[in-house]
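Here are my notes for your first reading of this model. Please keep the structure open beside them and look up each residue as you go.

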Amino acid sequence: MLKFIEKYPVLLIVLVCLGIFFANLDVIYVNIMEARNFISAREMIQNGNWLLTTLNEAPRYEKPPLPTWLTAISAMLFGVHNLVALRLPAALMTLVLIVTYYKLISEFFQNKKLSLYTALILASSFYIIFSGRNGQWDIFTHSFMVISIYFLFKMLYTPSKQWLYSALSALFFGCAFLSKGPVSLYALWLPFIIALVVSYKSQLHKRQLIPFVLLLIVGLGVGLSWYVYVRYEDPASFLKIAEEETGNWTSYNVRPFYYYWSFFTQSGIWTIPSFIALLYPYLKDKVSDKKAYTFSFVWTIAAVVLLSVIPEKKSRYLLPVLIPMAFNTAFYIEYLINNFKGLKRNEKLPVYFNFGLIALIGVLFPIGGYLFLEGKLQGFYGNFILCALMLFLIGLFIFIFLKKQQIRNVFLLTIAFTWTILAVGFPLAKTLYTNPDYNNIDTLKTDVKLYSFGEISPEAVWHLGQSAPDVNFGKQLVIPKEDRFGILTTPDNTSEFKRIFAGEYHIEQLDIFDLNYTASPEKSGHKDRLMTNYFILDKKTK
């Protein structure tokens with residue numbers, strides 16, 4: 001088995017990714033960020049808004065359009081409201097990211113085993129999994145940037161084809177910019193350049209400067225092209241949105257400088273190995289390639305520091321850090337695989353704790369999972385039994401191989417543990433959809449024009465299946481021309497809506513929609529923003 005893995009590492013990576021990123025893509029309900037992106041993709045298809053992108057028919061220039069284009073194309077091929085189709089481009093981009101990253105490390109650091117460990121760690125890191133299975137655009141920008149970095153490496157180390165690789169690197173650099181603006185340039189590419197200069201300065205030459213500068217110029221030209229177009233075609237909306245977005249950097253979700261310094265926890269099951277791998281004085285003389293380890297360490301830390309400088313902070317912004325950190329963690333895993341039997345007892349304890357905990361969860365899942373889900377498994381017994389059996393066996397064998405001190409097998413079983421949860425057990429998430437008052441707005445059928453008053457949840461607009469333009473967008477009230485029309489509003493905006501319209505219209509409430517899947521109204525997890533009141537308005541005759 002191990003010989004097969006070493007002979008066909010890319011095949012193993014693809015098989016792992018198919019289970020982790022492609023299986024059960026339609027299980028989890030659409031979240032707020034996905035809803036916004038999917039609405040924009042739908043309006044591209046329905047209204048032709050491919051360049052001047054919209055959200056509920058209002059300008060949406062906060063995000064560049066490349067991921068939305070790719071999602072819209074997938075939706076056109078497989079169905080506008082097909083969740084698998086809508087999430088498929090993100091899954092594909094994650095697969096491309098992981099395979100490209102494997103090739104990058106394998107080709108330029110000449111260690112195929114280390115490259116495989118890196119790819120598998122990245123594929124099983126928590127926030128990579130979340131982003132790769134989710135219709136959010138972060139994974140697109142960082143995937144394109146890793147491809148750009150791969151060709152940048154090729155440009156630096158293949159003089160005979162440096163102009164070709166410079167052009168390819170520029171193209172994907174521009175694609176990264178067209179996916180989420182300068183985010184990946186700042187959080188992934190710039191830390192990479194810092195690490196490259198720190199670790200491999202002696203291998204950089206003046207002859208590489210011109211193709212490098214042209215790479216930047218062409219890449220920025222491609223990346224900024226859409227912004228220039230929108231600035232010219234719709235300057236008022238563009239400038240207003242740009243001002244709001246710039247203001248958010250210093251006034252929205254502001255967190256202290258140290259907010260990100262538990263960043264290694266975003267790797268999920270690799271939290272303890274990732275932390276130990278970041279103990280540079282401990283590991284630097286133990287790794288197989290000290291210079292490459294220094295490169296991965298500096299790349300990781302530089303990314304965290306640069307992100308920490310920005311006042312606006314969110315956990316999902318740490319996604320680019322997980323890419324170099326997977327490489328950094330792989331050095332520690334390689335060290336354990338090659339040297340574990342000879343380590344001192346205190347060095348072994350964190351390993352036993354980390355992987356022993358995973359094994360314990362697997363062994364206890366059949367009983368613990370059944371007790372937790374008791375009474376909710378109707379229709380899911382097949383998934384539960386298969387998942388419970390596989391996790392039990394994986395946990396059992398992790399214990400066996402830990403006892404034998406065979407860490408390579410423990411590592412591979414840990415990947416299998418993650419694969420099983422996503423590929424086999426993930427449908428069990430639906431057993432948690434227990435809100436008895438759940439009422440999806442996709443059941444709304446009407447022959448009148450629909451509007452909203454105030455911003456209703458993007459999830460509601462998405463499930464509605466059509467736009468419902470906000471009559472109070474930007475606090476500028478625009479009364480509909482129709483004498484009879486529908487209004488959707490949240491509970492928070494209902495009183496103000498009635499105050500404005502009650503004088504000239506008869507108002508009849510027809511329904512209340514609740515998109516809280518997991519929490520009933522009396523539970524603390526219930527969100528009022530996911531509630532939508534539906535009214536019919538008829539103009540009063542004088």
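Predicted model: local features only at pLDDT ≥ 70, side-chain atom pairs only at ≥ 80, totals over all residues.

1. Y127 and F130 form a tilted aromatic pair, with 5.2 Å from centre to centre and 45° between the planes. The two residues are 3 apart in helix 7 (residues 126-132), so about one helical turn separates them.

2. A search of the whole structure finds 55 aromatic pairs. One of them is the stacked pair of Y29 and Y517, with centres 4.5 Å apart and 10° between the planes. Y29 is partly exposed at 33% relative accessible area, whereas Y517, at 16%, counts as buried.

3. Rings also meet charges here: the charged end of K348 sits over the ring of F340, 5.4 Å from the ring's centre, and K376 lies over the face of F372, at 5.9 Å from the ring centre.

4. Please look as well at helix 10 (residues 183-200), whose 18 residues reach 25 Å from the first C-alpha to the last, close to the 26 Å expected. Where does helix 10 have a kink? A kink of about 30° lies at W189, shortly before the proline P191. Both W189 and P191 are among the buried residues of helix 10, and those buried residues pack against several helices, including helix 5 (83-109) and helix 16 (319-339).

Notes
Residues numbered from 1 in each chain as written. Heavy atoms only, no water. Helix = DSSP H or I, 4+ residues; strand = E, 2+ residues; numbered from the N terminus. Expected span 1.5 Å × (residues − 1). Bend = angle between axes of the 7 residues up to and from the residue. Buried < 20%, exposed > 50% of the residue type's maximum accessible area, 1.4 Å probe, protein only. Contact = heavy atoms within 4.5 Å. Phe/Tyr/Trp six-rings, centres within 6.5 Å; stacked < 30°, edge-to-face > 60°. Lys NZ or Arg CZ within 6 Å of the ring centre and 35° of its normal.
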